[in-house]
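Okay, thanks for coming, everyone. Let me put the model on the screen and then walk you through a few spots.

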Amino acid sequence: MTVNIGSESGSTNWVFIGGGNMAAALIKGCEKKNFVEKHNIAVSVQTGKSAEKWRKQGYDNVFTNTLEMLETYPTAIYIICVKPQVFDEVVSSWPVNSRPKFIISVMAGVPLKTLSEKLPFVSGNTTIVRLMPNVASSIGFSASTMCYEKNDKIENQEVFVECARKFAECVGTVELIPERCFNPAMAIGGSSPAWTFMYIESLADGAVAQGLGRAEAKRLAAQAVVGAAQMLLDSESGFNIESQHFGLLKDKVCSPGGTTIEGVRTLEKNGFRSAVLEAVVATSKKADDMAKSLSK
């Protein structure tokens, strides 16, 4: 498969500003799906040790100086994979003569407006896409969120957005949504794996407290969560995720006077659903606060 962007093909260079875990997951996913080849990938990292680690994996275009990398690839596709806290520091050294084909930002809490204002090489013909994958990108099961600002004046914008979508699909699924919904969607898709790990750990702890071995408890808990989620997503289960309430499946598991409904009663008594809901709201609001601080 080749990557077609306008008249360009697989010769297009993909430049990753930041070479941490998320960048590594995205790059490996793209390679696995034959979306882009190693010689068309460039990465900037902070230390010589990190650079050597990338080179040992077969990547020759590795830089410890972001400015040097961007000057080497002034018309590539840029993927920004740095922490939002260091965004200002990083962009302060970027060359203004760069003219990327388009930009993909993988930073939480940095809205499109801020990106447009602070990136020195953005012009009226630049498409910026916000993308938020999650930790499961490393195994190809991310639930990613994506948004962009539609502009009919930008030539080939739909082509760029489709390319970004295919890029995201290399590591899982992606939902294209309006930016006003990006932060709550990011809370669910990006942050919830941490809470799910906590839930699975709690399930295992409960079973261990009742005498089950730790290894068996962890395997059973993890597989139970995977199976439950797959039932919601799998059309063969007979459940339509878009039109049916999740409670319908919950009700099928709860026999009258049985063990499961007793567990449900206890969870409700302790505010289970309220706690999850508030976690999503708090995460979304934190991203809003980050956006406000970065726009100053």
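**A leucine and its patch**

Let's start with L203, which counts as partly exposed because its relative accessibility is 34%. On the cut-offs: buried is under 20% relative accessible area, exposed is over 50%, and partly exposed sits in between, with a 1.4 Å probe and protein chains only. Before I go on, this is a predicted model, so local features need pLDDT of at least 70 and side-chain atom pairs count only at pLDDT 80 or more, while totals for chains, interfaces and linings use all residues. Residues are numbered from 1 along each chain as its sequence is written, and side-chain values use heavy atoms, with hydrogens and water left out.

Back to L203, which is found in helix 7. Helices here are DSSP runs of H or I with at least four residues, strands are runs of E with at least two, and both are numbered from the N terminus. Helix 7 (182–209) and helix 11 (272–294) each give the patch at least two residues.

Now, cysteines. How many disulfides does the structure hold? The count is 0, where a disulfide would be a pair of cysteine sulfur atoms within 2.5 Å. For C163, the nearest cysteine sulfur belongs to C30, 9.0 Å away. For C170, the nearest is again that of C30, at 4.1 Å. Is C170 buried or exposed? C170 counts as buried, because its relative accessibility is 8%. C163 is buried too, at 5%.

Last stop, some asparagines. N34 has a positive phi of about 55° although it is not a glycine, and N34 lies in the loop between helix 1 and strand 2. N40 lies in the loop between helix 1 (21–32) and strand 2 (41–44), and N40 is buried at 7% relative accessible area. N156 also has a positive phi, about 65°, without being a glycine. You'll find N156 in the loop between strand 7 (142–148) and helix 6 (157–169), and N156 counts as partly exposed at 34%.
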